[in-house]
Amino acid sequence: MSILSLKNIHKSYSQGSSTLSILKDLELEVNQGEIVAITGQSGAGKSSLLAIMSGIDRPDSGQIIVGTTHLSSLNENELTQFRGKNIGIVFQQFHLVPHLTALENVMLPLEIAGDKRAEEKARQSLLNVGLEARSNHFPSQLSGGECQRVAIARAFTTEPEFLLADEPSGSLDTATGSQVMDLLFNEVKRRGMTLVIVTHSEDLALKCSRQFKLSQGKLIESIRPPESIKGNL
Ligand SMILES: Nc1ncnc2c1ncn2[C@@H]1O[C@H](COP(=O)(O)OP(=O)(O)O)[C@@H](O)[C@H]1O
Ligand SMILES: [Mg+2]
């Protein structure tokens with residue numbers, strides 16, 4: 001079942017008198033439960049694409065369908081509500097609120113959604129990422145890896161079906177990045193969620209079920225030989 005469908009997506013930015021065309025007639029279909037990697041050079045438009053998938057930004061033209069909802073049919077308020085309920089997002093720079101504790105950061109999306117069990121659910125989410133002992137720490141008192149685990153707990157806490165991650169290991173050292181990504185992937189698989197992840201890491205991309213490269217405004221899928229053939233190459 002398709003959980004995300006992008007059709008004929010175009011996006012350009014105006015720079016003074018000229019126009020920078022970033023996404024050109026881009027197409028993508030993601031099925032429920034898939035883990036999709038997107039790679040591409042810096043400036044290729046990966047973050048712009050994730051912003052469009054999540055409805056943070058609008059394309060110039062084209063359709064985005066998440067589940068059965070056409071994002072273009074929603075106004076800004078409806079989009080914010082839809083995203084809060086259905087889409088979790090993890091960023092490279094964590095995007096935690098600095099004056100809130102780890103627990104309060106994780107509670108935030110639940111409180112915005114008016115969930116009466118916000119604290120109980122947020123505590124469980126922190127437990128799932130192994131950070132229950134850090135609940136009352138502020139982001140400045142946590143390591144990069146711990147901050148990203150808080151951000152992951154926050155993204156999961158509303159139990160969205162669909163997760164977007166924009167270079168989630170990009171600010172972490174290799175060992176920490178790999179640990180935190182294992183945690184992310186395990187949690188995604190355990191919950192049967194769908195993940196679209198932008199990464200520069202070849203290793204991480206190879207752990208995904210499908211790999212795409214964003215180039216010249218389009219997504220090109222890499223076709224990998226089946227494991228059985230690969231051994232003989
Ligand atoms: N709001 C914006 N206004 C103008 N140009 C932008 C804006 N956002 C991104 N760009 C430009 O679009 C291109 C793609 O950016 P981005 O999506 O961040 O790429 P990536 O994430 O692949 O590095 C870059 O050249 C960037 O400068
Ligand atoms: Mg980017």
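The shell around ligand 1 in this predicted model consists, by class, of 4 nonpolar, 6 polar and 1 charged residues, where Ala, Val, Leu, Ile, Met, Phe, Trp, Tyr, Cys and Pro count as nonpolar, Asp, Glu, Lys and Arg as charged, and the others, Gly among them, as polar. A residue is near the ligand if its C-beta atom, placed from the backbone, lies within 6 Å of it, and the residues that surround ligand 1 include Tyr13, Gly40 and Lys46.

| Element | Residues |
|---|---|
| Helix H4 | 118-128 |

In H1 the buried residues are Lys46, Leu49, Leu50, Ile52 and Met53, buried meaning that 20 or more other C-beta atoms lie within 10 Å of a residue's own, exposed that 12 or fewer do, and partly exposed in between, with C-beta atoms placed from the backbone. Seen down the axis of H1, these buried residues fall within an arc of 160°, taken from the directions from the helix axis to the C-beta atoms, so they line one face of the helix.

Helix H4 holds Arg123, which is partly exposed because it has 18 other C-beta atoms within 10 Å.

Residues are numbered from 1 along each chain as its sequence is written, while chains are lettered from A and ligands numbered from 1 in the order in which they are written. Local features need pLDDT of at least 70 and side-chain atom pairs count only at pLDDT 80 or more, whereas totals for chains, interfaces and linings use all residues.

Notes:
Helix = DSSP H or I, 4+ residues; strand = E, 2+ residues; numbered from the N terminus.
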